[in-house]
Each structure stands twice: as structure tokens, then as C-alpha cells.
Amino acid sequence: MPHFVALHNQLHQAITIDTGKIEAQGAQEHMVPVVLSEFLKLVVSYPIVFTKSSDTGQFLAVALLGFAKHENLFWQNQQWQSIYVPLNISRQPFFVGNEAGQTIICLDTQSPCVTNDINHEPLFDTQGKDSAYLQNAKSQLAQLLDGESKTADFIRTLRALNLIVPLTLDISFVDQQEQRVQGLYSIDEDRLARLTAEELLQLQTQNYLQPIYTMIASLGQIYALIQKKNER
């Protein structure tokens, strides 16, 4: 069970992070939440789609990693097989929390990444100052925190323009098995083509046209994902 505590430069000065175990935290994830600032890095490897949060029912942008629960087709031979690892994986074992209305950095003390082995990455130096590793982790968390609100705004705009449509995948694999993947959503290309000049200008002004077309282009990675499944 995860156990989150507020990061403290005295209480956690002896803690180090085994970076070799970070990517393994996503080994059984078949999708991972992503933010707009990642889209151009994600598109070279992952389908970027929407799904609905099981907790809130709200749309989320996610990178699709597999077709079934607990299936990560990018995790092979105990390694993440992609040139880019989504932020929500690489930021482990750190999370953003809230204490008395203030944003704080939290550490999952039960994560297998957390150790006291001096051969791994320290969080603080002997004076209690952030290590270069922790500074980078905080930068990732800041990108995620900022990106979550911007991605939520992006989704709200798409919904207002009726640009989100269900995406059902009917897949046939080489072993003759067939699978229908539901619960995913993407950009309604027909509706996009019918937008008025005013609506397109709105999307352009908000810098949303690029992520829209990036999402559409990313759907081609579904074929690469099917190939990964066939090879496995």
C-alpha cells in the first residue's frame, strides 16, 4: 500500500532513490494520464486518447499502453521499451499534495524505489539542500501540475465544440483472437472539418489546433501497439 508523507529535508535526508526501479512502477498500467506539454513527445510511440475517470466521470487524456487491464506492452525484459516515458511514470515516487491550502511535495515511502543505499540518488546534500536529482523531480511535478489544469481547459473547450467522440477498437491478432476495446474517446474529425471559421480561430488562438492534430496522428500508433501484442 502506498504511504504518502510530506517531503522533509531533515526527516528524509538519508533517503535515496533507486532510479532503476522507477519505470517498473508502470509495468502493469495499460494507460497513463498525460498532459498537453507531453503530446509531441508521446506521439512518436503512443496512441493519445481520452477516457473517463472512474472516480469523477471526467474526461482524462491518456497514453494507451495496452489493450487489457494490467497490460503494458511497452514493458518488456524488465525495461520500458520507448524513447520517452510519460511524466506520470518518471515522476515516481513523488506526488503533489495539499496541506492547509499549500501545495507540498509528497514521497511514497512504501515505493520500492525508496532506499537508504548510498549508491543511489540522494534527495538532499549534507546541508539539507535539494540534490540535482530532486530538483529535476520537482520540475517534473511542476510540469504535471501546470499541465493538468491546461489539459482540463483543453478538454472543456473540445466538449463545448462537440469534438470528443467515442472510439471503439475491434482488433484481430495473429493468433486469431479478437478483442473489442471500449471506453476510449478521440477527436471527431468529421465535426472538426465542419467547424466555422470563428470556431477554428478560437482553437488557433488558444493554441489547441496542434494538440488536436497530434492526437489524431497518434492513432496510427495503435497499429504499432497491435504489433507489440502480436510479437508478445
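These are my notebook entries on a predicted model.

**Ground rules**

I number residues from 1 along each chain as its sequence is written. For this predicted model, local features need pLDDT of at least 70, side-chain atom pairs count only at pLDDT 80 or more, totals for chains, interfaces and linings use all residues, and side-chain values use heavy atoms, with hydrogens and water left out.

**Entry: the sheet**

I took helices and strands as DSSP runs (helices H or I, at least four residues; strands E, at least two), numbered from the N terminus. Two strands pair if DSSP finds at least two bridges between them.

I looked up an open sheet of three strands, and its order is 1-9-8 with antiparallel pairing. Strand 1 (4-6) and strand 8 (94-99) are the edge strands, each pairing on one side only. Neighbouring strands here are turned by 45° against each other on average, direction ignored. For angles I use axes fitted as lines to C-alpha atoms, for helices over the stretch in contact; angles run from 0 to 180 degrees between N-to-C directions.

Which helix packs on the sheet? Helix 3 (residues 132-160) does, touching strand 8 and strand 9. Its direction makes about 65° with that of strand 8. Contact means heavy atoms within 4.5 Å.

I then checked the bridges. Three of them join strand 1 to strand 9 (residues 102-108), and the two strands run antiparallel. Phe4 has Asp108 as its bridge partner in strand 9.

I found a cis peptide bond from Gln92 to Pro93, with omega near 5°. Pro93 sits in the loop between helix 2 (87-90) and strand 8.

Asn162 is not a glycine, yet has a positive phi of about 55°. I place Asn162 in the loop between helix 3 and strand 12 (164-172). Is Asn162 buried or exposed? Asn162 is exposed, at a relative accessible area of 53%. My classes are buried under 20% relative accessible area, exposed over 50%, and partly exposed in between (1.4 Å probe, protein chains only).

Asn207 also carries a positive phi, of about 60°, without being a glycine. Asn207 lies in the loop between helix 5 (197-205) and helix 6 (209-218). Its relative accessible area is 61%, so Asn207 is exposed.

**Entry: Thr214**

I moved on to helix 6, where Thr214 is found. Thr214 has a relative accessible area of 7%, so I log it as buried. Which residues does Thr214 touch, not counting those up to four places away in sequence? They are Phe39, Leu40, Val43 and Ile48.

**Entry: nonpolar cores**

I define a nonpolar core as a set of buried Ala, Val, Leu, Ile, Met, Phe, Trp, Tyr and Cys residues joined through side-chain atoms within 4.5 Å. The largest has 53 residues. Within this core, Phe39, Phe50, Phe67, Phe154 and Leu169 touch the most other members. Strand 5 (residues 59-64) gives the most to the core, with five residues. Another core, of 15 residues, lies apart from it and includes Ile22, Ile105, Phe124 and Tyr133.

**Entry: cysteines**

How many disulfides are there? I count zero, with a disulfide taken as a pair of cysteine sulfur atoms within 2.5 Å. Cys106 is buried, with a relative accessible area of 10%. Cys113 counts as buried too, at 0% relative accessibility.
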